[in-house]
Amino acid sequence: MFERFTRGARATVKGAVAQAERAGADSVTEEHLLLALLGQEGGRASFAVTALGLHDRRASLDAAFADARRRGGLTRADTDALADIGIDIGAIVSRVEGAHGEGALAAGRTGRRWWSGHRPFTPGAKTVLENSLRIALGRGDRFIGEEHLLLALTAKPGVVADVLAEHGATYAAVQRALYGSDADGGQGHAKAG
(Lines give C-alpha, C1' and ligand atoms only; values in the text may rest on other atoms or scores of the structure.)
Protein backbone atom coordinates (compact mmCIF):
# COMPACT_ATOMS: atom_id res chain seq x y z
CA MET A 1 0.00 0.00 0.00
CA PHE A 2 2.85 2.40 0.86
CA GLU A 3 3.93 2.45 -2.79
CA ARG A 4 0.68 4.29 -3.61
CA PHE A 5 1.49 7.10 -1.18
CA THR A 6 2.47 10.45 -2.65
CA ARG A 7 5.64 12.14 -1.46
CA GLY A 8 3.53 14.31 0.87
CA ALA A 9 1.68 11.33 2.32
CA ARG A 10 4.98 9.53 2.94
CA ALA A 11 6.33 12.66 4.61
CA THR A 12 3.23 12.71 6.81
CA VAL A 13 3.75 9.10 7.90
CA LYS A 14 7.44 9.76 8.60
CA GLY A 15 6.44 12.96 10.42
CA ALA A 16 4.03 10.97 12.58
CA VAL A 17 6.87 8.67 13.62
CA ALA A 18 8.95 11.75 14.49
CA GLN A 19 6.01 13.18 16.48
CA ALA A 20 5.80 9.93 18.46
CA GLU A 21 9.55 10.01 19.11
CA ARG A 22 9.42 13.62 20.34
CA ALA A 23 6.49 12.78 22.61
CA GLY A 24 8.31 9.72 23.99
CA ALA A 25 5.39 7.53 22.91
CA ASP A 26 5.80 3.80 22.47
CA SER A 27 3.75 3.75 19.29
CA VAL A 28 2.46 5.98 16.51
CA THR A 29 -1.18 7.00 16.99
CA GLU A 30 -3.86 8.80 15.01
CA GLU A 31 -2.97 11.94 16.95
CA HIS A 32 0.60 11.75 15.69
CA LEU A 33 -0.69 11.40 12.12
CA LEU A 34 -2.83 14.52 12.54
CA LEU A 35 -0.02 16.52 14.12
CA ALA A 36 2.27 15.55 11.24
CA LEU A 37 -0.42 16.65 8.77
CA LEU A 38 -0.68 19.99 10.55
CA GLY A 39 3.06 20.43 10.00
CA GLN A 40 2.86 19.84 6.24
CA GLU A 41 2.94 22.75 3.84
CA GLY A 42 1.93 23.13 0.23
CA GLY A 43 -0.38 20.16 -0.26
CA ARG A 44 -4.13 19.78 -0.57
CA ALA A 45 -4.48 18.78 3.07
CA SER A 46 -2.51 21.84 4.14
CA PHE A 47 -4.89 24.01 2.14
CA ALA A 48 -7.92 22.36 3.78
CA VAL A 49 -6.40 22.62 7.27
CA THR A 50 -5.76 26.33 6.70
CA ALA A 51 -9.21 26.90 5.17
CA LEU A 52 -10.83 25.26 8.19
CA GLY A 53 -8.76 27.41 10.57
CA LEU A 54 -7.01 24.50 12.26
CA HIS A 55 -3.55 26.08 11.98
CA ASP A 56 -4.84 29.10 13.88
CA ARG A 57 -6.30 26.87 16.60
CA ARG A 58 -3.30 24.62 17.13
CA ALA A 59 -3.10 25.46 20.84
CA SER A 60 -6.76 24.54 21.25
CA LEU A 61 -6.19 21.23 19.43
CA ASP A 62 -3.19 20.46 21.65
CA ALA A 63 -5.23 21.24 24.77
CA ALA A 64 -8.09 19.01 23.60
CA PHE A 65 -5.69 16.12 22.98
CA ALA A 66 -4.03 16.65 26.37
CA ASP A 67 -7.46 16.57 28.00
CA ALA A 68 -8.34 13.33 26.17
CA ARG A 69 -5.02 11.73 27.22
CA ARG A 70 -5.72 12.80 30.80
CA ARG A 71 -9.06 10.97 30.58
CA GLY A 72 -7.22 7.81 29.51
CA GLY A 73 -8.18 8.25 25.86
CA LEU A 74 -11.92 8.29 26.43
CA THR A 75 -13.87 10.21 23.81
CA ARG A 76 -16.41 12.87 24.72
CA ALA A 77 -19.15 10.42 23.74
CA ASP A 78 -17.69 7.83 26.14
CA THR A 79 -17.50 10.42 28.92
CA ASP A 80 -21.07 11.59 28.27
CA ALA A 81 -22.39 8.01 28.17
CA LEU A 82 -20.74 7.23 31.49
CA ALA A 83 -22.11 10.48 32.97
CA ASP A 84 -25.60 9.38 31.90
CA ILE A 85 -25.29 6.36 34.18
CA GLY A 86 -23.84 8.38 37.05
CA ILE A 87 -20.10 7.94 36.51
CA ASP A 88 -18.16 11.20 36.73
CA ILE A 89 -14.93 10.69 34.76
CA GLY A 90 -13.56 14.04 36.00
CA ALA A 91 -13.89 12.89 39.60
CA ILE A 92 -12.29 9.52 38.82
CA VAL A 93 -9.38 11.17 37.01
CA SER A 94 -8.86 13.56 39.94
CA ARG A 95 -8.81 10.69 42.44
CA VAL A 96 -6.42 8.59 40.37
CA GLU A 97 -4.11 11.57 39.79
CA GLY A 98 -4.30 12.43 43.51
CA ALA A 99 -3.08 8.94 44.36
CA HIS A 100 -0.66 8.33 41.47
CA GLY A 101 0.31 11.73 40.09
CA GLU A 102 -0.78 13.92 37.22
CA GLY A 103 -1.23 12.11 33.92
CA ALA A 104 -1.48 8.68 35.56
CA LEU A 105 -4.16 7.59 33.09
CA ALA A 106 -2.33 8.86 30.01
CA ALA A 107 -1.60 5.97 27.68
CA GLY A 108 1.38 5.38 25.44
CA ARG A 109 4.34 6.09 27.70
CA THR A 110 6.07 3.26 29.46
CA GLY A 111 9.60 4.57 29.52
CA ARG A 112 10.94 1.59 27.60
CA ARG A 113 14.02 2.11 25.50
CA TRP A 114 13.65 1.37 21.85
CA TRP A 115 16.76 -0.48 20.80
CA SER A 116 15.55 -0.99 17.25
CA GLY A 117 14.46 2.62 16.81
CA HIS A 118 11.16 1.31 15.41
CA ARG A 119 7.81 2.48 16.77
CA PRO A 120 4.84 0.40 15.73
CA PHE A 121 1.58 1.95 14.58
CA THR A 122 -1.42 1.44 16.84
CA PRO A 123 -4.38 -0.48 15.43
CA GLY A 124 -6.23 2.84 15.13
CA ALA A 125 -3.41 4.45 13.15
CA LYS A 126 -3.24 1.40 10.88
CA THR A 127 -6.99 1.70 10.31
CA VAL A 128 -6.54 5.33 9.27
CA LEU A 129 -3.90 4.29 6.73
CA GLU A 130 -6.17 1.53 5.40
CA ASN A 131 -9.17 3.87 5.23
CA SER A 132 -7.10 6.41 3.31
CA LEU A 133 -6.72 3.77 0.60
CA ARG A 134 -10.48 3.15 0.60
CA ILE A 135 -11.18 6.86 0.32
CA ALA A 136 -8.70 7.26 -2.54
CA LEU A 137 -10.21 4.30 -4.39
CA GLY A 138 -13.71 5.65 -3.75
CA ARG A 139 -12.71 8.92 -5.40
CA GLY A 140 -11.14 7.08 -8.32
CA ASP A 141 -7.63 8.24 -7.39
CA ARG A 142 -4.69 5.98 -8.16
CA PHE A 143 -2.60 7.46 -5.35
CA ILE A 144 -2.96 8.12 -1.63
CA GLY A 145 -2.27 11.72 -0.72
CA GLU A 146 -2.29 13.72 2.49
CA GLU A 147 -5.88 14.72 1.71
CA HIS A 148 -6.94 11.07 1.90
CA LEU A 149 -5.18 10.72 5.25
CA LEU A 150 -6.98 13.82 6.57
CA LEU A 151 -10.35 12.49 5.43
CA ALA A 152 -9.59 9.11 7.00
CA LEU A 153 -8.77 10.80 10.31
CA THR A 154 -12.18 12.47 10.34
CA ALA A 155 -13.95 9.23 9.35
CA LYS A 156 -12.53 6.95 12.07
CA PRO A 157 -14.55 7.27 15.29
CA GLY A 158 -12.38 8.20 18.24
CA VAL A 159 -10.61 11.03 20.00
CA VAL A 160 -9.00 12.55 16.88
CA ALA A 161 -12.27 12.67 14.94
CA ASP A 162 -14.03 14.10 18.02
CA VAL A 163 -11.43 16.83 18.48
CA LEU A 164 -11.48 17.67 14.78
CA ALA A 165 -15.30 17.85 14.80
CA GLU A 166 -15.21 20.12 17.87
CA HIS A 167 -13.02 22.43 15.78
CA GLY A 168 -15.33 22.34 12.75
CA ALA A 169 -13.40 19.74 10.75
CA THR A 170 -15.97 17.01 10.15
CA TYR A 171 -15.68 14.60 7.23
CA ALA A 172 -18.14 16.71 5.21
CA ALA A 173 -16.40 20.00 6.05
CA VAL A 174 -12.97 18.62 5.11
CA GLN A 175 -14.38 17.14 1.92
CA ARG A 176 -15.87 20.55 0.96
CA ALA A 177 -12.59 22.31 1.77
CA LEU A 178 -10.69 19.83 -0.39
CA TYR A 179 -13.01 19.43 -3.34
CA GLY A 180 -15.50 22.29 -3.16
CA SER A 181 -18.97 21.71 -4.53
CA ASP A 182 -17.73 18.57 -6.30
CA ALA A 183 -17.19 16.97 -2.90
CA ASP A 184 -17.89 13.41 -4.04
CA GLY A 185 -15.88 13.70 -7.23
CA GLY A 186 -19.05 13.05 -9.19
CA GLN A 187 -18.88 9.39 -8.18
CA GLY A 188 -21.28 9.28 -5.25
CA HIS A 189 -18.94 7.37 -2.94
CA ALA A 190 -19.45 6.91 0.76
CA LYS A 191 -16.89 7.75 3.39
CA ALA A 192 -14.61 5.03 4.69
CA GLY A 193 -14.98 4.00 8.27
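Tutor: Start with the contact between α2 and α8, where contact means heavy atoms within 4.5 Å. Glu30, Leu33, Leu34 and Leu37 of α2 meet Glu146, Leu149, Leu150 and Leu153 of α8. By class, this contact has six nonpolar, no polar and two charged residues. Ala, Val, Leu, Ile, Met, Phe, Trp, Tyr, Cys and Pro count as nonpolar; Asp, Glu, Lys and Arg count as charged; the others, Gly among them, are polar.

A word on the source: this is a predicted model, local features need pLDDT of at least 70, side-chain atom pairs count only at pLDDT 80 or more, and totals for chains, interfaces and linings use all residues. Residues are numbered from 1 along each chain as its sequence is written, and side-chain values use heavy atoms, with hydrogens and water left out.

Helices here are DSSP runs (H or I, at least four residues), numbered from the N terminus. Axes are lines fitted to C-alpha atoms over the stretch in contact, and angles run from 0 to 180 degrees between N-to-C directions. Helix α2 spans residues 30-39 and helix α8 spans residues 146-155. Their axes come within 10 Å and cross at roughly 135°. That makes α2 oblique to α8. Under 35 degrees is roughly parallel, over 145 roughly antiparallel, 65 to 115 roughly perpendicular, and the rest oblique. The crossing of α2 and α8 is left-handed. In a left-handed crossing the near helix is turned anticlockwise from the far one by less than a right angle; clockwise is right-handed.

Helix α8 also meets helix α3 (residues 44-51). The axes of α3 and α8 come within 7 Å and cross at roughly 50°. α3 and α8 are therefore oblique to each other. Arg44, Ala45, Ala48 and Val49 of α3 touch Glu146, Glu147 and Leu150 of α8. That contact has four nonpolar, no polar and three charged residues.

Now turn to another pair. Helix α4 (residues 58-70) packs on helix α9 (residues 159-166) at about 140°, with axes 10 Å apart. That makes α4 oblique to α9. The crossing of α4 and α9 is right-handed. Leu61, Ala64, Phe65 and Ala68 of α4 meet Val159, Val160 and Val163 of α9. By class, the contact of α4 with α9 has seven nonpolar, no polar and no charged residues.

Terms used: Helices (H or I, at least four residues) and strands (E, at least two) are DSSP runs, numbered from the N terminus.
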